[in-house]
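Have the picture open while you read.

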Amino acid sequence: MSATIQSIEAILVDIPTIRPHKLSMTTMGVQSMVIVRMKDSDGIEGLGEATTIGGLAYGAESPESVKLTIDTYFKPQLIGQPSENINTLRVMLNRSTRGNNLAKSAIETALLDLQGKRLNRPVADLLGGAVHQHIPVLWTLASGDTAKDIQEALGLIETRRHCDFKLKIGSRPLMDDVRHVAAIKDAVGESASVRVDVNQAWDESTAAKGMAELQAAGIDLVEQPTPMKDYAALVRLADKFHLPILADEAVADAKDLYTLAAAGFSGAVAMKIAKAGGPARALEQATVAQAAGIGLYGGTLLEGTIGSVAALHAWSTLETLHWGTEMFGPLLMKDDIVVQPLNFHDNGVDLPTGPGLGIEIDEDKLAHYRRQA
């Protein structure tokens, strides 16, 4: 007789960041997460996480709405269901609930962790098997202060923790941003790759001028320069410059990526398990991208360790991550709620070993950072 889902708990957790994290639409000082704890009738527990950037400043879901969705809509449907048929449960939730992909990703992650523990296999095995045990990770320089960002970058290069950097721009006048980026690229030279993330802040004409300047400064990649659904602008800009564009907010799932590819987009895509609705759904994007000749990049919503590990298990199954990953979320936080933090070294991170996600909750830390109602 198969095990059934007995309980689901969605817990709000708030952890301060090591420094203010500045984006075009908001500045973060605390990361808020929803931690999902799902137990089956055999007493096995699966863990999941849903995280947003700056609450509703970034997208349509907030940590509070994710918890509400899970408690009010998902939990009554899932309790008593067999836990091993993840596809059946995914179809059931998709039929009953539109959107809410962050909440769905947390549930799918918990189900995968539960199944991996039951079978004594890592989540990567459930997704086809890991090709890589060490995965490249870049670091985002987002203090907004040029001198601080240069000092931070040079220190990370020296210790071999990171050799690729992304800069958050778009909140200041265009040429102020360009000078900031160019100074950092000049300081790190050829020892590091420098990319920028505009977070949709430019219109097409501003993006054209900005990309020309960034291309001349030796920048390697520009992420989502224009508004998310302006596919035509992304295609025109990709045709105009040899500086590649990384589509992020424009692409939530495989259907979005197909639409963009069919319009003629060439460049790369930032896959995110939260946007797609779970690790398995994110890998559907990879299949479309590979067929269309679009580069792959493992994106983040600045998840903590649980969400980051879920993504890493997915990214580990891909032969080539053309632009690496940005699974540095745990490093941005002052503390962690897991017993064994991730091992970041040699410009990347090790994939945890062990069944399921391969991580364990630190009960004291979880209790400390849990939001009190």
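Strand 6 and strand 7 run parallel and are joined by five bridges. Strands here are DSSP runs of E with at least two residues, helices are runs of H or I with at least four, and both are numbered from the N terminus. Two strands count as paired if DSSP finds at least two bridges between them. Across this pairing, Asp164 stands opposite Ser193 in strand 7.

A quick word on the source: this is a predicted model, where local features need pLDDT of at least 70 and side-chain atom pairs count only at pLDDT 80 or more, while totals for chains, interfaces and linings use all residues. Residues are numbered from 1 along each chain as its sequence is written, and side-chain values use heavy atoms, leaving out hydrogens and water.

Seven strands make an open sheet with parallel pairing, in the order 5-6-7-8-9-10-11. At the edges sit strand 5 (139-141) and strand 11 (295-298), each of which pairs on one side only. From one strand to the next, the twist averages 30 degrees.

Trp139 has Phe165 in strand 6 as its bridge partner. Trp139 also has a charge over its face: Arg161 lies there, at 4.8 Å from the ring centre. To count, NZ of Lys or CZ of Arg must be within 6 Å of the ring centre and within 35 degrees of the ring normal.

How covered is strand 7? Five of its five residues are buried, where buried means under 20% relative accessible area, exposed means over 50% and partly exposed is in between (1.4 Å probe, protein chains only). In a regular strand, side chains alternate between the two faces of the sheet. Here, Ser193, Arg195 and Asp197 point one way from strand 7, while Val194 and Val196 point the other way.

Helix 6 (residues 174-188) lies across strand 5, strand 6 and strand 7 (193-197), and it runs at about 165 degrees to strand 7. Such contact means heavy atoms within 4.5 Å; the angle, on a scale from 0 to 180 degrees, is taken between N-to-C directions of axes fitted to C-alpha atoms, for helices over the stretch in contact.

On to the charges. Side chains of opposite charge can pair when their charged atoms come close. A salt bridge here is a side-chain nitrogen of Lys or Arg within 4 Å of a carboxyl oxygen of Asp or Glu, and the count comes to 26. Here are three of them:

| Pair | N to O distance |
|---|---|
| Lys117 and Asp113 | 3.0 Å |
| Asp164 and Arg195 | 4.0 Å |
| Glu284 and Arg281 | 3.0 Å |

Asp164 lies in strand 6 and Arg195 in strand 7, so this pair ties together parts that are 31 residues apart in sequence. Arg195 is buried, at 6% relative accessible area.

What separates Lys117 and Asp113? They are four residues apart in helix 3 (residues 101-119), so about one helical turn lies between them. Lys117 is partly exposed at 26%, whereas Asp113 is buried at 0%.

Glu284 and Arg281 sit three residues apart in helix 11 (residues 279-292), about one turn of the helix. Glu284 is partly exposed at 35%, and Arg281 is buried at 12%.

Finally, look for the network of salt bridges that links Lys166, Lys168, Asp197, Glu223 and Glu326.
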